Amino acid sequence: MHMTNHFYSRVLVGFLLCTAISCGGKETQVSEELPRVAIAGLAIESSTFSPAVTEEEAFLARRGEEVFSYYPFLQEDSVNRSRANWFPTLRGHAIPGGIVSREAYESLMGETLARLKENLPYDGLFFDIHGAMSVVGLDDPEGDFIERVRAVVGKETIISTSMDLHGNVSWRLAAHSDLITCYRMAPHEDALESKKRAVDNLLERLESGKGKPAYKAWIPVPILLPGEKTSTRVDPGKSLYAAVYPAAEQKGVVDAAIWVGYAWADEPRNHAVVMVTGDDQAKVTQTAEELAQSFWEKRNEFEFIAPTATLKESLDMAIGSDKKPFMISDMGDNPTAGGAGDVTWTLREILARPEFKDADGPSLIYASIPGPELVEAAVAAGVGEQVSANVGAAVDDRFSPPVLLSGTVKAIAHGDRNAETEVVVAVGSVQVIVTKKRKPYHRESDFTNLGLNPRETDIVVVKIGYLVPELYDMRADWVMALTPGGVDQDLERLEFKRINRPMFPFDKDMETPDLSARLVPLSHEY
């Protein structure tokens, strides 16, 4: 049984002593009978195939008590809030994008470590990350992050790592994590449930005195597939991930997880991984090997979750359909997967179609394109006025230059957390949403807040891959367009140079890999 010494001694004392501790500048009452748990993490998907660079402000970092607002299960009146003394440090979450600058990473990292040092020691740490952050000059940012955190909090602290299933689990990240889990659904409808599981597992191990699980089985699976082929809505992803639930509930197992990995970064750690943690060595290793083998055996069954076509074919289908809204995913520049979000190729093709030249043509919403110059002009002109300015291609102009957008201003909205200012410009029968800063459009309210009615629109084009739940439920029909960009769905068109080979699907005839479990050293032994 492994238990943090400082917590064990407090439990033996068994009396209540409250002291005032600084928590992000706010005085917090601390009970010495309860475990001390810190919170930290940075989350982003970063495409190394995009020319974009992500800076510090993109993470919209929350600090101290603000961090609790991420987690409904840690609100002031929640059960989990009362189970520990909490010390939130810094948690940042950025819209996926390009590689993170080294300066941004070091600044956020330095502040996180400084905040952690303020309230040492800790019995546990909730390490909330995505797992697909790329940083200039670093191959394994999350591995570097947790190693530097571990150097501050010490080897006794139990770290419970929560991740996106599109993250990457390096050996280093696995070694410094004592508990580790990831989402089991894509789209990620279980994101908060998974984060809560990471916290629940941590608290249970602290309260029970069991401490760190005795065994961690790690299996790299040489598969690299985009999320649009591995959705858990349909088989084989559905049945693959359905097996994780009973696997994690076995006696002797704490948790089980399958990571698909992140497909748009060219780094050695980018591939699928299976990990199982627990106290029964035989059960942990056997479960990991069964899950890994199942993934490998299903590798040829993965297909796009919706029909795919060229953009021309997609528009032809949508124009000829009587179903509305007919949704088209502009996949190659999906900002929620790491695209720059300002590729103009698709918008240019749409505006060139004769069907959309007149206002009485098929109605189409395009969401969206950044264009701060047009936004400024529209705000100055006002609703109902004509405006003309360039939009897009300020970051990624590899496939198409900026588009000169000329039309009527239909709506202006200020104050969006991501876009800051949004403008709707009508060009023929097309309503183009132009933003000051890039923003993904996932919710019906994203449209209705701008006076748009997507349900009554013939065609809705969104920069996205698979449709998120609200759009998926709204669609009357749907096709995913194979468009260019930093998250091109045709992975074999991208120039991978540093991923491990052989790798499926790049090496379709590769020999069966070694999928035996590798036991990771416990963090205090690493």
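The protein carries 54 positive and 78 negative side chains, and the centres of the two sets lie 2 Å apart. Lys and Arg count here as positive and Asp and Glu as negative, with His and the chain ends not counted; each charge is placed at NZ of Lys, CZ of Arg, CG of Asp or CD of Glu. The model is a predicted one, in which local features need pLDDT of at least 70 and side-chain atom pairs count only at pLDDT 80 or more, while totals for chains, interfaces and linings use all residues. Residues are numbered from 1 along each chain as its sequence is written, and side-chain values use heavy atoms, with hydrogens and water left out.

The secondary structure comprises 13 helices and 24 strands (DSSP runs numbered from the N terminus: H or I of at least four residues for helices, E of at least two for strands). The radius of gyration is 24 Å, close to the 24 Å that the globule rule gives for 526 residues, so the protein is as compact as a globular protein of that length. This radius is taken over C-alpha atoms, and the rule is 2.2 Å times the number of residues to the power 0.38. Along the principal axes, the C-alpha atoms fill a box of roughly 80 × 55 × 40 Å. Of the 526 residues, 60% count as buried (under 20% relative accessible area, with a 1.4 Å probe and protein chains only). Among contacts (heavy atoms within 4.5 Å) between residues at least 6 apart in sequence, 74% join residues at least 24 apart.

Strand β16 (residues 326-330) pairs with β22 (residues 459-462) in the parallel sense over 4 bridges, where the bridge partner of S329 is V462.

S314 lies in helix α9 (residues 311-320) and is buried, with a relative accessible area of 0%. Not counting residues up to four places away in sequence, S314 touches A309, F326, I328, V479 and A481.

Conventions. Buried means under 20% relative accessible area, exposed over 50%, partly exposed in between (1.4 Å probe, protein chains only). Two strands pair if DSSP finds at least two bridges between them.
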